[in-house]
Amino acid sequence: MKTDDHPPEGFLRIDFDRGRPETTFNSHIGNLYVRKGEKGTRDEFVMGLRVHQHMCNPAGGLHGGMMMTVADLVGSMGGTTLIGLRKFVPTINMTFDFVAPAKVGDWVEGRCEVVRATRSMLFSNIYLTVGEEKIVRASGIYKIPSGDGLAFAKAKLDRGAELAGERPPS
Amino acid sequence: MSIPPGFKRIENAMGFAEANGPWFEKMEDGRLIRGFLPGPQHANALGIVHGGMLAAFLDSAMGTAVFRDIQRRAVTLTLSLDYLGPARLGDWLQAEGRVVGHDEHVAQVRGRLYGPHHEVLAGLGVFSLLSRMRSLR
């Protein structure tokens with residue numbers, strides 16, 4: 001794990017691999033953080049990451065694939081958090097506009113807005129930003145599984161027993 | 001599962017592509033096909049290939065298609081993806097792109113990503129064409 005991320009205050013690293021023998025994609029691509037804010041505000045769910053070389057393209061900018069991965073996660077984890085749903089929601093469609101680059105050292109944040117949630121579908125709008133500047137606009141459509149679906153409790157915030165018992169970020 | 005015949009490893013990968021490779025390429029009937037073999041590091045919480053990885057891989061194949069089809073370097077402006085079916089770890093995946101329209105500034109590209117059994121991801125993108133004089137580095 002990298003220790004030079006220096007996340008802003010309030011951001012906690014997401015431990016996606018709790019209890020898993022192997023590193024999965026969300027951990028492999030680098031550290032992702034989340035900060036929970038006041039309910040009903042734009043900061044209720046914020047994902048964050050520090051841009052490192054292994055997330056970049058040959059031009060030295062944050063790779064589009066990395067942006068898409070994070071936007072997808074913000075739309076699904078963030079979206080389900082905002083509507084109080086604890087299920088894994090498979091992605092049906094994503095649309096991305098890459099409006100600006102990000103470079104090594106930048107702190108990138110992702111926020112989402114739930115456009116609509118039905119019993120079976122979740123529609124999210126997602127922005128990735130560096131400071132005040134938007135770098136990606138995305139929209140996501142996710143399937144909400146019927147029944148219990150997969151209880152998605154593998155990811156947790158890396159803050160030890162301090163807040164044990166609190167629900168994980170998704 | 002081994003790499004299917006004809007595929008050559010893409011050398012000189014850097015950054016994200018290197019960290020999430022190796023990726024392979026093959027020419028077939030004038031089409032450029034990219035391939036990769038997903039492993040545990042590409043999995044999501046369900047144990048299937050992560051949608052972000054699929055998106056990154058298809059995007060790379062579509063960007064390559066622009067250079068292949070109209071000899072211009074390009075960066076992605078917008079990309080729309082439909083997730084059609086899951087991709088399993090250990091199943092060889094292939095992706096290809098095709099330029100369906102372009103002018104001096106942008107190209108419209110269709111892409112598909114598929115496994116041994118079914119279509120996985122369909123893409124439609126708009127790519128911004130870089131100046132003929134400019135390289136990506």
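How many residues of chain B are in contact with chain A? In this predicted model, 28 residues of chain B are in contact with 31 residues of chain A. Helix H1 (15-19), helix H2 (51-70) and strand E4 (74-83) of chain B are the elements that give two or more residues to the side of chain B that touches chain A. E4(B) gives the most to that side, with eight residues. By class, the side of chain B that touches chain A has 15 nonpolar, ten polar and three charged residues.

**Across the interface**

Let us look at the strands next. Strand E4 (residues 91-98) of chain A pairs with E4(B) in the antiparallel sense, over five bridges. Within E4(B), B:Thr78 is the bridge partner of A:Asp97.

Nonpolar side chains tend to be buried together in soluble globular proteins. Here the largest nonpolar core has 64 residues, and those that touch the most other members are A:Met67, A:Val70, A:Ala71, B:Leu54, B:Phe57 and B:Leu58. H2(B) supplies the largest share of this core, ten residues. Taking B:Leu58 as an example, and leaving out residues up to four places away in sequence, its contacts are B:Ala95, B:Gly111, B:Leu113, B:Leu121 and B:Gly123.

On the chain A side, helix H2 (residues 64-82) has 19 residues, which should span 27 Å at 1.5 Å a residue; its end C-alpha atoms are 26 Å apart, so the two values agree. H2(A) is mostly covered, with 18 of its 19 residues buried. After H2(A) comes A:Gly84, whose phi is positive, near 70°.

**Chain B as a whole**

Chain B has two helices and seven strands, and along the sequence they follow the pattern β-α-β-β-α-β-β-β-β. How does the overall size of chain B fit its 137 residues? A compact globule with 137 residues would have a radius of gyration near 14 Å, and chain B has 15 Å, which agrees. Here are some values for the chain in one place:

| Property of chain B | Value |
|---|---|
| Radius of gyration | 15 Å |
| Box filled by the C-alpha atoms, along the principal axes | roughly 40 × 30 × 30 Å |
| Buried residues, of 137 residues | 37% |
| Residues 24 or more positions apart, of contacts with a separation of 6 or more | 60% |

To come back to the opening question, the contact with chain A involves 28 residues of chain B, and E4(B) gives the most to that side.

Key:
Residues are numbered from 1 along each chain as its sequence is written. Chains are lettered from A and ligands numbered from 1 in the order in which they are written. This is a predicted model: local features need pLDDT of at least 70, side-chain atom pairs count only at pLDDT 80 or more; totals for chains, interfaces and linings use all residues. Two residues are in contact if their C-beta atoms, placed from the backbone, lie within 7 Å. Helices (H or I, at least four residues) and strands (E, at least two) are DSSP runs, numbered from the N terminus. Ala, Val, Leu, Ile, Met, Phe, Trp, Tyr, Cys and Pro count as nonpolar, Asp, Glu, Lys and Arg as charged, and the others, Gly among them, as polar. Two strands pair if DSSP finds at least two bridges between them. A nonpolar core is a set of buried Ala, Val, Leu, Ile, Met, Phe, Trp, Tyr and Cys residues joined through C-beta atoms within 7 Å. A residue is buried if 20 or more other C-beta atoms lie within 10 Å of its own, exposed if 12 or fewer, and partly exposed in between; C-beta atoms are placed from the backbone. The radius of gyration is taken over C-alpha atoms; the globule rule is 2.2 Å times the number of residues to the power 0.38. The expected span of a helix is 1.5 Å times one less than its number of residues.
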